[in-house]
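I opened my notebook to look up a few features of one protein chain.

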Amino acid sequence: MFPIMANANILIGFSGYYGHNNNLLRDNNSISTHVQSLNIKLGFEQNWRLYQFNCATSLTDTQYQSSEQDNTQLKQFQCLNEYNPTENQNISLNLSSQNYDETRGTGISRNNPNILNQPDNLTDNHAKLTYQYQTSQSQGIKLGIALGHQDKQYRSKRLIALQNNRTQNEFDLSFGYLFQQNTYGFIRYSIADNQFSDAPSRDNQDQIIALGLSWQASAMTSFKAEAGQQNKSYQQSADTQSEYWSLSASWSPKTYSTFTLSSFNRQQSSLLTDSNTQQNQTISLNWQHQWSSQLSSRVLLSTQKIEQLAVNNRQEQKDSAGIGLNYKINSILSSELNWQYEKNQDNLNQLDYQQQIIGLSLKVEWAS
C-alpha cells in the first residue's frame with residue numbers, strides 16, 4: 001500500500017531591500033549608487049513516511065540608481081528529494097538551476113572591469129544523487145557515494161565568458177568507521193571530469209584523495225577535517241599537484257550563541273583568461289547570536305587568497321566582513337539591517353578595489 005501522506009506545507013515569501021553601494025564597478029573608479037532589490041519566493045514541502053519532497057523557486061530583481069542600464073535579475077529553482085528505505089539508508093536527489101542576467105561589468109569581466117556595454121546571461125544547472133549507508137546509528141561502518149553533474153553556460157561575446165562555458169561530471173566516494181564516542185574516521189576519493197566547449201585547452205580531470213576525521217561532541221558542537229593530495233591532469237598542458245585540506249568546526253558555548261569556522265585549500269578552474277588553474281585558500285569565521293526571541297545578529301569575517309597558476313603568477317587577496325541585525329516583528333514579518341565590506345588586492349594591480357554596502361531589508365514569509 002502506498003504510504004499515508006503525513007503533511008504538506010506551502011511557503012510564500014516577499015522581501016524588499018534598499019541600500020547604498022559606494023563602488024558599483026568594484027574597481028578603483030568608484031561609482032556610488034543606491035540599490036533597490038525585490039525578491040519573490042514560492043516553496044512547497046511534502047512529507048510521506050519514507051519520502052520527503054522540498055522545492056522552491058524565487059525571482060530577484062536588483063536596480064542601481066546611478067544608471068538605468070545597471071541592473072541584475074536572478075531566477076532560481078531548487079528541489080530536494082529524500083528517500084529512506086530503511087533506518088540505515090538514505091537516498092537523496094538534489095536539483096538546482098540558476099539563470100542570471102547582468103548589464104554591468106562585475107563578476108566574470110574581472111580581466112577588464114571597464115568593459116560594461118556587453119550584457120551577460122549565465123545559466124548554471126546542477127544535479128546530485130547521493131546514497132548513504134551505516135550499519136548502526138551509534139557504531140559501525142559508514143559508506144557514502146555521490147554522483148554529480150553541472151552545466152554552466154554564458155551567452156556572451158566576451159572571451160572570458162566563452163572560456164568558462166563548462167560541463168562537469170563528478171564521482172565521490174567516502175568509506176569509514178563510526179566509533180561509540182561519535183568519532184568518525186574515513187577515507188575519501190573524488191574524481192571530476194571538466195569539459196570546456198569553447199576552450200579545449202582547459203579540459204581537465206581533477207582527482208582528490210584524502211583522509212578525514214569528524215567528531216560530534218554534542219548536538220551543538222562538531223568538528224570535521226580532511227587532508228590529502230589533489231591532482232589536475234590536462235591533455236594539452238602540464239599537470240598540477242597540490243596539497244588539499246578542508247576544515248569545519250562549530251562551537252556553541254550557549255544554546256543561543258554559535259561560532260562556525262571553515263577553511264579549505266584546493267585547486268579550481270580559473271575564471272580568468274590568463275590561467276587555466278588557480279589555487280584557492282579561504283578562511284571564514286561566522287558568529288550567530290540570539291539576543292531575545294525577536295532579536296538576533298550575525299557577524300562574518302573571511303579572507304581569501306587566490307594564486308593563478310600561470311606564467312605571470314598573478315595573486316589576489318580579498319578580505320571581507322559583514323554584520324547583520326535581524327528583528328522579528330511577528331510570526332510572518334521581519335527586518336534586517338546589514339553592512340558589508342570588501343577589499344581586494346592584486347599584485348599586478350589589475351583588480352584593486354574597496355567596496356562597502358549598507359542596507360535595510362523587510363521580509364514577509366507565510367507558511368501553511
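My entries follow, grouped by topic.

**Ground rules**

I am working with a predicted model, where local features need pLDDT of at least 70, side-chain atom pairs count only at pLDDT 80 or more, and totals for chains, interfaces and linings use all residues. Residues are numbered from 1 along each chain as its sequence is written, and side-chain values use heavy atoms, with hydrogens and water left out.

**Entry: the disulfide**

I started with sulfur. A disulfide is a covalent bond between the sulfur atoms of two cysteines. The rule I used asks for a pair of cysteine sulfur atoms within 2.5 Å. By this rule I found one disulfide. Cys55 and Cys79 form it, with their sulfur atoms 1.9 Å apart. The pair links distant parts of the chain, 24 residues apart. Cys55 is in strand S3 (residues 51-64), and Cys79 is in strand S4 (residues 71-83). I took strands and helices as DSSP runs, numbered from the N terminus: a strand is E with at least two residues, and a helix is H or I with at least four.

Next I asked: is Cys55 buried or exposed? I noted the cut-offs: buried means under 20% relative accessible area, exposed means over 50%, and partly exposed is in between (1.4 Å probe, protein chains only). Cys55 has 11% relative accessibility, so it counts as buried. Cys79 is buried too, because its relative accessible area is 7%.

**Entry: aromatic rings**

I then turned to rings. A pair of aromatic rings is described by the distance of the centres and the angle of the planes. Rings of Phe, Tyr and Trp (its six-membered ring) pair if their centres lie within 6.5 Å; planes under 30 degrees apart are stacked, over 60 are edge-to-face, and the rest are tilted. The count by this rule is eight aromatic pairs. Why is the pair Phe44 and Phe53 called edge-to-face? The ring centres are 6.2 Å apart and the planes of Phe44 and Phe53 stand at 65°, so the pair gets that label. Phe44 is partly exposed because its relative accessibility is 33%. Phe53 has 24%, so it also counts as partly exposed.

Trp48 and Tyr51 make a tilted pair, 5.5 Å centre to centre with 35° between the planes. Trp48 is partly exposed, with a relative accessible area of 24%. Tyr51 is partly exposed as well, at 26%.

I also looked up a cluster. Trp251, Phe259, Trp287 and Trp291 form one aromatic cluster.

The charged end of Lys142 sits over the ring of Tyr184, 4.4 Å from the ring centre. The rule needs NZ of Lys or CZ of Arg within 6 Å of the ring centre and within 35 degrees of the ring normal.

Two strands pair if DSSP finds at least two bridges between them. Strand S13 (residues 257-269) pairs with strand S14 (residues 277-290) in the antiparallel sense, over 13 bridges. Here Ser263 stands opposite Ile283 in S14. S14 also runs antiparallel to strand S15 (residues 295-308), joined by 13 bridges. Leu285 stands opposite Leu301 in S15. How many residues lie between S14 and S15 in their hairpin? There are four between S14 and S15.

**Entry: His289**

His289 is in strand S14. Its relative accessibility is 12%, so His289 counts as buried. Beyond four places in sequence, His289 touches Tyr256, Ser257, Ser296 and Ser297. Contact means heavy atoms within 4.5 Å. The His289 side chain makes a polar contact with the side chain of Ser257 (3.1 Å). A polar contact is a pair of N or O atoms within 3.5 Å; within protein, one must be able to donate a hydrogen and the other to accept it, and residues adjacent in sequence count only if both atoms are side-chain atoms.

**Entry: Glu336**

Glu336 is in strand S17 (residues 333-346). Glu336 is buried because its relative accessibility is 16%. Its side chain makes a polar contact with the side chain of Arg298 (2.7 Å). Not counting residues up to four places away in sequence, Glu336 touches several residues, including Leu325, Asn326 and Gly359.
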